[in-house]
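User: Hi, could you walk me through this structure, step by step and in plain words?
Analyst: Gladly, and here it is for both of us to look at.
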Amino acid sequence: MSKWDDPLTSVLRGETLSTPPLWFMRQAGRYLPEYRAVRAKHPSFVEFCLHPEDAAEVTLQPIRRFDVDAAILFADILLIPHALGQGVRFATGEGPLLEPVVSDDLLARLDPSQVLPILSPVFETVERVRAALPKEKALIGFAGAPWTVATYMINGQGTKDPAASRRLVYSHPEMIDRLMRMLVDATTEYLIAQAKAGANALKLFDSWSGGLPEPLFQKLCLEPSAEIARRVRAEVDVPIIYLPKGAGPLYALAAQNEAFDGIALDYALPPLWARDALGSATALQGGLDPLLVVQGGQAMETAAKTLIETFENRPYIFNCGHGFVPETPPEHVAELVRIVRAA
């Protein structure tokens, strides 16, 4: 019997379970009709995220439907730029759009003192969800890692090519250092507040960590995220998962860093390589291509069972290597849960 209340926390604390706990990135989202019904009430996505009653409701929906082992807070990684005072809006078909921060003058207009007051509804959401969850279900809080959030702030939108952000790192290093420091401080405070409100695990999403030379990956991704993890854990005793999406072999550097309790694997990372190269000291999570859940059937089952077999002798949490897409059939998710639980 584990000394921890829930399977996910048990694995993040170093236990190997015969059946891995499971949850999914974007498990609350547009593929669920019950989510779409709540989303339709809010013309503004930011306003939706900051509405505690409805944010709590959609956070809990996947627990009710699929009985997964963890709920993840319904929020967005761009709430911190919003709270800092940067204009953030979500346009249909375009994704998030921000007013680019590309100068010292624009950076000076941001106000870190407003982050926690503006984001206080998020902490109420955490409290509501934790109160509604049985103790054997974990609640995961999260934030975007500083470099990923900075990339959105600099570019004004998501980008598959980090060249513009890298150029600014080289041409205006002092400004980038100030922005990163601001984000490290704000993210630390934000995650501590989530944990104090009831989150019993936390995750840092570094969605744009790919495409960086190793020195920049160390400076912009790994070191700031590890600093946040250390500072958070100095205040609250919660395990922390880090996702350096797209980092390839640089994943090994993240796994070697003692600041993280879990490393989330993206779907492009070879499972056998991850098993052998990332050591056994850190829990691993994920790895399934979310498009296999769209496809369903034998391909999904074979891939899921391969992941479970690959990581059966170490602490492992089942998940996809990225979030569900809107066209994911809910019945395929239910079947995937059945497959993992029966493995």
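Predicted model: local features only at pLDDT ≥ 70, side-chain atom pairs only at ≥ 80, totals over all residues.

User: OK, how many helices and strands does the chain have?
Analyst: The chain has 17 helices and 9 strands. Its C-alpha trace spans about 55 × 45 × 40 Å along the principal axes.

User: And how compact is the chain for its length?
Analyst: The radius of gyration is 19 Å, close to the 20 Å that the globule rule gives for 343 residues, so the chain is as compact as a globular protein of that length.

User: What share of the residues is buried?
Analyst: Buried residues make up 59% of the 343 residues in the chain. As for the surface, the chain exposes about 14,000 Å², and carbon and sulfur atoms supply 51% of that area.

User: What about contacts, how much do residues 24 or more positions apart account for?
Analyst: If we take the contacts with a separation of 6 or more, residues 24 or more positions apart account for 73% of them.

User: Let's go inside, then. Which residues touch the most other members of the largest nonpolar core?
Analyst: That core has 133 residues, and Phe 24, Leu 119 and Phe 318 are the ones that touch the most other members. Helix H11 gives the most to this core, with 14 residues.

User: Which residues does Leu 119 touch?
Analyst: Leaving aside residues up to four places away in sequence, Leu 119 touches Leu 50, Leu 79, Ile 80, Ala 83 and Tyr 190.

User: Now the rings, how many aromatic pairs are there?
Analyst: The structure holds 14 aromatic pairs. One of them joins Tyr 31 and Phe 324, whose ring centres are 5.2 Å apart and whose planes meet at 70 degrees, so this pair is edge-to-face.

User: Why is 70 degrees called edge-to-face?
Analyst: The label goes to planes over 60 degrees apart, and the angle for Tyr 31 and Phe 324 is 70 degrees, so their pair falls in that class.

User: Where do Tyr 31 and Phe 324 lie in the chain?
Analyst: Tyr 31 lies in the loop between helices H1 and H2, whereas Phe 324 lies in the loop between strand S9 and helix H17, so the pair ties together parts that are 293 residues apart in sequence.

User: Are those two buried or exposed?
Analyst: Tyr 31 is buried, with a relative accessible area of 4%, and Phe 324 is buried too, with a value of 3%.

User: Which residues form one aromatic cluster?
Analyst: Tyr 35, Phe 45, Phe 48, Phe 74 and Phe 90 form one such cluster.

User: Switching to charges, how many salt bridges are there?
Analyst: A search of the whole structure finds 18 salt bridges. In one of them the side chains of Glu 34 and Arg 65 meet, with 2.9 Å from N to O. This pair links distant parts of the chain, since Glu 34 is in helix H2 and Arg 65 in helix H4, 31 residues apart.

User: How accessible are Glu 34 and Arg 65?
Analyst: Glu 34 is partly exposed, at 22% relative accessible area, and Arg 65 counts as partly exposed at 39%.

User: And how far apart are Glu 301 and Lys 305?
Analyst: Glu 301 forms a salt bridge with Lys 305, and their closest N and O atoms are 2.8 Å apart. The two are 4 residues apart in helix H16, so they are separated by about one helical turn. Glu 301 is buried, with a relative accessible area of 19%, while Lys 305 is partly exposed at 34%.

User: Which residues are linked in a network of salt bridges?
Analyst: Asp 67, Asp 69, Lys 137 and Arg 341 are linked in such a network.

User: Last one, where is Glu 258?
Analyst: Glu 258 is in the loop between helix H13 and strand S7, and it is exposed, with a relative accessible area of 77%.

Note on methods:
Residues numbered from 1 in each chain as written. Heavy atoms only, no water. Phe/Tyr/Trp six-rings, centres within 6.5 Å; stacked < 30°, edge-to-face > 60°. Buried < 20%, exposed > 50% of the residue type's maximum accessible area, 1.4 Å probe, protein only. Salt bridge = Lys/Arg side-chain N within 4 Å of Asp/Glu carboxyl O. Rg over C-alpha atoms; globule rule 2.2 N^0.38 Å. Contact = heavy atoms within 4.5 Å. Areas by Shrake-Rupley, 256 points an atom, 1.4 Å probe, with all protein chains shown as cover. Core = buried A, V, L, I, M, F, W, Y, C linked by side-chain atoms within 4.5 Å.
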